[in-house]
Amino acid sequence: MSKLFYIEKPADLAILTVQGVTELLPNMVQFVMDAETSEADEYQAFMAASLQQVAFVSLGVPGRSARGIELSFDAEKSEYCVRVNTPSARQDWDVAREFISALSEHCKTTISVEDGEGRETGLTPQTLRFINTDADIQAGLAAIKQHATDTNALMLTGVLRYFSMNADIINGILGEPDPIEAFSTFALNTQYPEAYIAKPMFYKDENEAIHGVYVLTENLPTVLPIRPYISPDWRDRLAEKDIAQWHVILMGYQNPDDVESLTMLADLDYGVLDKYVDASKKAPLDASDWVVQGLSHAEMEELARLARS
């Protein structure tokens, strides 16, 4: 579910580059490619690419955007399309309105909106603020309520990570005095936890079996799955049944005063986190993930001992 906004590009105006798009709004960034983890040449080429050369760009303002917006360009129709997910946080909608207005002013053309029930044309940055965005969020929450169960968590896209909602979470949100504000707070918290967001790594052993690996570092609060799963961005390459074993690697400092002394303390079956790490050290972030509080060196050594006993 989503709302789509269209802005026609005049023939005499160049198609925006990814870099140009981010400059339309203060603090706007793209969430497709990370400058710190990408090759410099590859990153620079992406930022210099025309929107006609990329499928879409995920955009947002760090700290304000939970789900962000998606921007694409249709060369045949010569129009930009801004997609806003349903439901999005209120802050997402604030950013979306600001960005759509800026893009409309850049193109000096009006805005059209489509939501599956038809297409409304002739909107301007001034009339855009009258769109009932709360109704769109409410419709999205109702859809989640209809489909989420205790055993079936729905996965939603976020600017920094996917997040999930089950029946318990959606019922809790809908039970709040202001469900939209509660959802907005929840969605933002899933994207900006006070913790490192761990990402899985995969490798094949000598028997060609595939292993999934997460890393937990000493004294570093870390977002980890409650039970490992294949996230949507990996599902075109891997399935749950492809993984022979999930691991958690414990990394600790041989010298607490020397960051260069980080070394592997243990390579353990992932299940040890659920079995041996105290519940007080694990705080649910969403339906599928928790924040594991930073374990001390001694706690990591004890965890490794328990796992091997």
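Visitor: Is L273 buried or exposed?
Guide: L273 is buried, with a relative accessible area of 0%; buried means under 20% relative accessible area, with a 1.4 Å probe and protein chains only. This is a predicted model, in which local features need pLDDT of at least 70, side-chain atom pairs count only at pLDDT 80 or more, and totals for chains, interfaces and linings use all residues. Residues are numbered from 1 along each chain as its sequence is written, and side-chain values use heavy atoms, with hydrogens and water left out.

Visitor: Which residues does L273 touch?
Guide: Leaving aside residues up to four places away in sequence, L273 touches L216, L224, V248, K282, W290 and L303. Contact means heavy atoms within 4.5 Å.

Visitor: And how far apart are the C-alpha atoms of L273 and V248?
Guide: They are separated by 8.2 Å, while the two residues lie 25 residues apart along the chain.

Visitor: Turning to helices 5 and 6, at what angle do they pack?
Guide: Helix 5 (residues 133-147) and helix 6 (residues 167-174) pack at about 140°, with axes 9 Å apart. Helices are DSSP runs of H or I, at least four residues, numbered from the N terminus. Axes are lines fitted to C-alpha atoms over the stretch in contact, and angles run from 0 to 180 degrees between N-to-C directions.

Visitor: Which residues make that contact?
Guide: L141, I144 and K145 of helix 5 meet I170, N171 and L174 of helix 6.

Visitor: Which residues of helix 7 are buried?
Guide: Among them are I180, F183, F186 and L188. The buried residues of helix 7 pack against several elements, including helix 3 (90-107), helix 5 and helix 6.

Conventions
Helix = DSSP H or I, 4+ residues; strand = E, 2+ residues; numbered from the N terminus. Buried < 20%, exposed > 50% of the residue type's maximum accessible area, 1.4 Å probe, protein only.
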